[in-house]
Amino acid sequence: MKQYIEVGYALSNRVKCQNCLQNIIKDDIRIGHVLTRPPGLGFDKKIWYHLNCLTSIKGDRNQDLDIVNIHGLKEEDQKKVRQKVEQIKKSSYQKKDQKEVKYLSKQEHFQNYVKIQRDLHFNQKLRQQAMFFEKIDQPEEQW
């Protein structure tokens, strides 16, 4: 599913922000996360946000998202939008790095668990062998 970001000024007061659920006031900057669907499966899905309410973009994170209609904004508004998109990309990469660290710590924990279990099993075998040799060393009368 292809995704892109559509930006522009709100044409009316009818669109609601999906994060804060407030109406986006006419002529405010709105950012739309657009999910395109294959032909024959319906319309594209647009999710609108205020500029400050957009905190993350769900979906395939490896996909570079194109910004559509950004040239229709004033230059200072274009800078605001680009800064916000870069901020979102950086935060999503940081979250991904944190997940990798958590995964590594779980892996290390599992390796320690396996090592402890292996040592316990080895010690148990040694004890069994020691008991066996003690029985062999004893005279047959005690058996």
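Predicted model: local features only at pLDDT ≥ 70, side-chain atom pairs only at ≥ 80, totals over all residues.
Student: Fine. Which residues is Asp77 in contact with, leaving aside its neighbours within four places in sequence?

Tutor: Tyr9 and Ile29. Asp77 itself lies in helix 1.

Student: And why is Asp77 called buried?

Tutor: Buried means under 20% relative accessible area. Asp77 comes in at 8%, so it counts as buried.

Student: Let's go to the sheet. How do you know that strand 1 and strand 2 pair?

Tutor: Pairing takes at least two bridges between the strands. Strand 1 and strand 2 have seven, in the antiparallel sense, so they qualify. One of the bridge pairs is Gln3 with Leu35 in strand 2.

Student: What about strand 2 and strand 3: over how many bridges do they pair?

Tutor: Six, again antiparallel. Leu35 turns up here too, standing opposite Lys45 in strand 3.

Student: What makes the pairing in this sheet mixed?

Tutor: Strand 1 and strand 4 run parallel, joined by three bridges, whereas strand 1 and strand 2 are antiparallel. Overall you have an open sheet of four strands in the order 3-2-1-4, with mixed pairing.

Student: Why are strand 3 and strand 4 called edge strands?

Tutor: Each of those two pairs on one side only. Neighbouring strands of the sheet are turned by 25 degrees against each other on average, if you ignore direction.

Student: What makes strand 2 largely enclosed?

Tutor: Count its residues against the 20% cut-off for buried: seven of the seven in strand 2 are buried, so the rest of the structure largely encloses it. Ile29, Ile31, His33 and Leu35 point one way, while Arg30, Gly32 and Val34 point the other way, and all are buried.

Student: Which residues touch the most other members of the largest nonpolar core?

Tutor: Ile5, Val7, Ile31 and Val81, out of 19 residues in that core. Strand 1 (3–9), strand 2 (29–35), strand 3 and helix 1 (75–137) are the elements that give two or more residues to this core.

Student: Let's turn to Lys46. Why is Lys46 called partly exposed?

Tutor: The label covers whatever sits between under 20% (buried) and over 50% (exposed). With 41% relative accessibility, Lys46 falls in that range, so partly exposed is the call. Its place is in strand 3 (residues 45–50).

Student: How do you know that the side chain of Lys46 makes a polar contact with the side chain of Glu6?

Tutor: The cut-off is 3.5 Å between N or O atoms, and this pair is listed at 3.3 Å, so the distance passes. Besides Glu6, Lys46 touches His33 and Val34, again not counting residues up to four places away in sequence. Val34 is twelve residues from Lys46 in sequence, yet the C-alpha atoms are 4.5 Å apart. As for Glu6, it stands opposite Val68 in strand 4.

Student: Are Cys20 and Cys53 buried or partly exposed?

Tutor: One of each. Cys20, at 31%, counts as partly exposed, while Cys53, at 15%, is buried.

Student: Last topic, backbone angles. What is phi of Leu21 and of Asn69?

Tutor: Near 65 degrees for Leu21 and near 65 degrees for Asn69. Both values are positive in a residue other than glycine. Most residues other than glycine have a negative phi. Leu21 is found in the loop between strand 1 and strand 2, and Asn69 in the loop between strand 4 and helix 1.

Student: Why is Leu21 called exposed, and Asn69 partly exposed?

Tutor: Exposed starts over 50%. Leu21 has 55% relative accessibility, so it counts as exposed; Asn69, with 45%, is partly exposed.

Definitions and conventions: Residues numbered from 1 in each chain as written. Heavy atoms only, no water. Buried < 20%, exposed > 50% of the residue type's maximum accessible area, 1.4 Å probe, protein only. Contact = heavy atoms within 4.5 Å. Polar contact = N/O pair within 3.5 Å; in protein donor to acceptor, adjacent residues only side chain to side chain. Core = buried A, V, L, I, M, F, W, Y, C linked by side-chain atoms within 4.5 Å. Axes fitted to C-alpha atoms, helices over the stretch in contact; angles between N-to-C directions.
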